[in-house]
Every structure is written in structure tokens, then in C-alpha cells.
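Look at the structure below and keep the sequence at hand. The paragraphs that follow go through a few places in turn.

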Amino acid sequence: MLDSHGKPESIEIRMVAHAGMRGRCSVCQQPAPGYDRLPERRWQFVPLWGIPTWFRYAPRRVQCAEHGVVVEQIPWSDGKRPVTCAMMGFLARWARRLSWRETARTFQTSWESVYRSVDWFVQWGLAHRQLSGIQSLGVDEIHWGHGLRADNFLTVIYQIDAHCRRLLWVGKRRSEKTLRRGLKALGPEVIRGLRFVCSDMWRPYLNVLAAEAGQALHVLDRFHITMHLNQAVDKVRRAEGTRLRAVSKEKAAKLKHLRWPLLRRGSRVRGRARQKLNALLASKLATARAWELKEAFGHFWHYRSVIWAGAFLDYWCERALRSRLEPMKKVARMLRSHEPLLLNWFRAKGEVSTGAVEGLNNKIRVVTRRSYGFRTYDAQEIALYHTLGRLPEPESTHRFC
Ligand SMILES: [Zn+2]
């Protein structure tokens, strides 16, 4: 079709059924005698030379012995969608490289069309994925959107085996109910086969994992514990900053620009930040003592024996509890109450990679923060499966990217 300037506006390809071949029933795919013909429909195909391209075809109805009068099987189409499978696969693959909005703009289609294509691609992948052989699961919460309401959290379940790390499930909220729903979706066989589960100290997760996957060794994630320690140091610093500013500006300056150096591992702080940190450590400030406690805890992860690690944990908790730093005491109490789970880390050593959860979380953040223009939770969920689910892909005769 040409526009008013004589330029091509669209390419329309009219399809005609082979006269000698009978249509196939769309339910059972068996050839069946013809019944009648429906009006012509069009399906969007992959743009050729940058020109929007359409298939036109009037589908036949066939009379299947088993399924009655039904529309014939159309090889380039799936259900009532006005887009060919080739185009849906094309858009879905590009939507992993570009934002959905850019994908729509580049290929002259709508955001909704990209969304529906990715959805189709993901649903196909979810229906065809293999869940056998999963040994380790990581469970975590992801903060989503603004605010701290229950709806601003997602629960994610990852496979964290060395040979395969992927997102298995994602659901709204972080309650016991959420996690139960997720485990149920994976199925009892997957849960029975688990050897390791890895999570934060979030009580609802601990409860559900103990009840549903009690045979698996439950490991607490190292990076979550480091996070709790860092948050405690930061609380001490902020409280002390406020206190010092009330007394004198000069004293308060000691704590300025130290937020990030304090959160890093000590051996990684260099240059001017290091000088500032050294000056802080030489002072008798509470922040310095909190930081030293946090750094000391790093030794915990280097033990090989469960017994020695346990002894160190007791020693560290006692020190922290005597520190008169309330945030540090709080962490110590939390660690103490989870001691058996913490020590499982040494029982599982080498077998479960707890860094995997952190790595996958970081990738999730990239997806959720990049302005993909996800308008709804459902779109967000589809995008996460699409980028992190390592889903199998529908076969396609045309692979364009
Ligand atoms: Zn049939």
C-alpha cells in the first residue's frame, strides 16, 4: 500500500491455502474436511525494509470428527492475536536489549503490542521449562516502587545451583502466604528434591521454609548479614552526627563524607577516604567503635570448623552487647537468636553459593529501575521472568536478533 506521496506505507501479503491440502483442526491438529470460510483477517509480520508488513488470510473452518466445527490451525498465528508468532518472538527478543518503549518505537508498533508479545513469549517459556534437578533455592524480598507498604515488596525465588542460576518465581508481598504460594507453584517434586535453601532472617520466610522444606539445610545469606551490620553502623553514625552538631560544628565535621567508606570493607578503603577513616578510628567516637565491631565480624566467615565459628560468634555477640551501641546490640541479639542457622553456613560450605542471591538481586534492580515504562505490576513481573528466568524459547523460523 502506498501513501499519498507514493511512498510505501505497508506491505500486505495475501495468503492462499493450498488447494490440495485440507485444513487441520486447531484443537487436535488432525486434517479435517472443510466447512466454510471466515472473513479475511490480518496479522502483523516482522517489518521488511523497515516497512510494516501484514499477512492477510481468510481462515477456513473445518469439521473435525472429534471437535466439531472449529477454525483451522494457522501455522503463523496463536489464538486470536493479531500478530504473527514470528513478530511476537522478534519483539520479545528485542525487548531484552531495548526498553519496551524503544522497541515499540523502533519497529513502529505500540507499547501494548510489545507487552503482549513478551507475555506470549514468557508464558510459552514457563509452560515448557524444566524444573528437574534443582538442589538449591534462594528466597529473598525485593523492594519495589515507593514506600514501605506490604504491596511495595516482592518475594522472589531463585535457583542458585552452580550450573544454573535463574529466577523461578516472583510474587507480590513478602508474607508467609506469598512464599507458600511460590513453593506450591514450583510443585512438591521440586521441594522434595531440595538440599539447600538460602534466605534472610525474615521470620515469615524462616517459618515457611522450615515447615515446607525441612529436609534441606537452611543457610543464612552472608550478604544480608553484612547489610544488617552496615545499617547498624550507619544508624550509629547518624545519631552521633546529630549529637555532635548540637555541640560543635568542628567535631561533627569528623563524620562528614564517611557514609560510604564506613560501609565498605575496611581493606577496600583507600586514598583520602582512608585518611579520614584513620582519623575517625583514632578518635573515641561511637561510630569508630561500631565500625570496628562490623569489621571484626568479617572474621566469622573465614572459619572452617563449625565449633570455632560458634565460639567466635559467642565472643563477638558478647562484645557487641557490652558496646553500649544500641544498633549493634540489636544485631548481636538477632544473630544470637539465629545461631544454628548461621552456623549452617559452615556445614554447607563450598556446596551452596550465597553470593548468587546477591548477584541475582542486583540484576533485578537493574530491570526494575531502568525506565522500561512498566505500567503495571503484571508487566513488571513478565519483564523479570523474561530477563532473568532463562526460559526456553519457542522455535521460530526467523531469528532476527
Ligand atoms: Zn480435532
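Glu40 is partly exposed, because its relative accessible area is 36%, and partly exposed covers values between the limits of 20% for buried and 50% for exposed. The model in which this value was computed is a predicted one. Glu40 sits in the loop that runs between strand E2 (34-37) and strand E3 (41-48).

Next come the aromatic rings. A pair of such rings is described by the distance of the centres and the angle of the planes. The structure holds 21 aromatic pairs. In one of them, the ring centres of Trp100 and Trp111 are 5.7 Å apart and the planes meet at 45°, so this pair counts as tilted. Trp100 belongs to helix H2 (residues 100-106) and Trp111 to helix H3 (residues 111-128), so the pair ties together parts that are 11 residues apart in sequence. Are these two residues buried or exposed? Trp100 is buried, with a relative accessible area of 1%, and Trp111 is buried too, with 8%.

Ring pairs also build a cluster, which links Phe297, Phe300, Trp301, Tyr303, Phe312, Tyr315, Trp316, Trp345 and Phe346.

The last stop is a patch of charge. Arg264, Arg265, Arg268 and Arg270 gather on the surface in a patch of positive charge. Arg268, one of these residues, is placed in the loop between helix H9 (259-263) and helix H10 (271-282). With a relative accessible area of 43%, Arg268 is partly exposed.

Note on methods
Residues numbered from 1 in each chain as written. Predicted model: local features only at pLDDT ≥ 70, side-chain atom pairs only at ≥ 80, totals over all residues. Heavy atoms only, no water. Patch = residues over 30% accessible without salt bridge, like charges linked within 9 Å, V, L, I, M, F, W, Y side chains within 5 Å. Areas by Shrake-Rupley, 256 points an atom, 1.4 Å probe, with all protein chains shown as cover. Salt bridge = Lys/Arg side-chain N within 4 Å of Asp/Glu carboxyl O. Lys, Arg positive; Asp, Glu negative; His and termini not counted. Charge placed at Lys NZ, Arg CZ, Asp CG, Glu CD. Helix = DSSP H or I, 4+ residues; strand = E, 2+ residues; numbered from the N terminus. Buried < 20%, exposed > 50% of the residue type's maximum accessible area, 1.4 Å probe, protein only. Phe/Tyr/Trp six-rings, centres within 6.5 Å; stacked < 30°, edge-to-face > 60°.
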